[in-house]
Amino acid sequence: MATPRELDAFLADVERRAYKTAWFAVHNEENALDIVQDAMLKLAENYGDRPAEELPALFQRILQNTIRDFYRRSKVRSVWTTLFSALGGDSADSDENDLDRIERLRDPNSEQQEQPDAALEQRRTLELMEDELAKLPARQREAFLLRYWEGLDTAETAAAMGCSQGSVKTHCSRATQALAAALKAKGLEL
């Protein structure tokens, strides 16, 4: 059983990565924050009594389901908005706020001041990776982020995605090949 302190520590640790995962999926800051908050609440309310070692896989499954729910709700809203606008109603403007670059994988305050060229190069590489990640198909991006960003193993990733381990391996392989090719085309070798 996870103690409240362990649950709090887990949620604090996963918060930034979960936000980035949600942002890659929906490309909107407010929606990504809402998704992460909903997923954290669902985990705490429904699974807070589970052992601490089960929390990462449970949370990733909840997060991915919350993202899918967001898309379902968006689709329904879109149908109703289209219907009402066709009937002469007001159409809702969906102005997306400009999103500052996603937080860096490393804390910007921890970058070494003695090596500004290295820090700039790392920042550019991360920006390119984020741009290319956003271009991946949803399932490839999901598998890649769960495996290599969240550090889940193949079985945990398969459980979180609701697919087979073979599918996870295929999605990860295609994602890494696509990322490597895109970054190589831009002059980067990883």
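Student: How many aromatic pairs does a search of the whole structure find?

Tutor: Rings of Phe, Tyr and Trp (its six-membered ring) pair if their centres lie within 6.5 Å; planes under 30 degrees apart count as stacked, over 60 as edge-to-face and the rest as tilted. Here, the search finds five such pairs. One of them joins Phe 10 and Phe 59 edge-to-face, with 5.9 Å from centre to centre and 80° between the planes. Phe 10 belongs to helix α1 (residues 4–26) and Phe 59 to helix α3 (residues 55–86), so this pair ties together parts 49 residues apart in sequence. Ring pairs also link Trp 23, Phe 24 and Trp 149 into a cluster.

Tutor: Please note that the model is predicted: local features need pLDDT of at least 70, side-chain atom pairs count only at pLDDT 80 or more, and totals for chains, interfaces and linings use all residues. Residues are numbered from 1 along each chain as its sequence is written, and side-chain values use heavy atoms, leaving out hydrogens and water.

Student: What are helices here, and are Phe 10 and Phe 59 buried or exposed?

Tutor: Helices (H or I, at least four residues) are DSSP runs, numbered from the N terminus. Buried means under 20% relative accessible area, and exposed over 50%, with partly exposed in between (1.4 Å probe, protein chains only). Phe 10 is buried at 14%, and Phe 59 is buried at 0%.

Student: Which residues are buried in helix α6?

Tutor: In α6 (residues 154–161), the buried residues are Thr 154, Thr 157, Ala 158, Ala 160 and Met 161. They line one face of the helix, because they fall within an arc of 165° seen down its axis, the arc being that of the directions from the helix axis to the C-beta atoms. Just after α6, Gly 162 has a positive phi of about 70°.

Key. Helix = DSSP H or I, 4+ residues; strand = E, 2+ residues; numbered from the N terminus.
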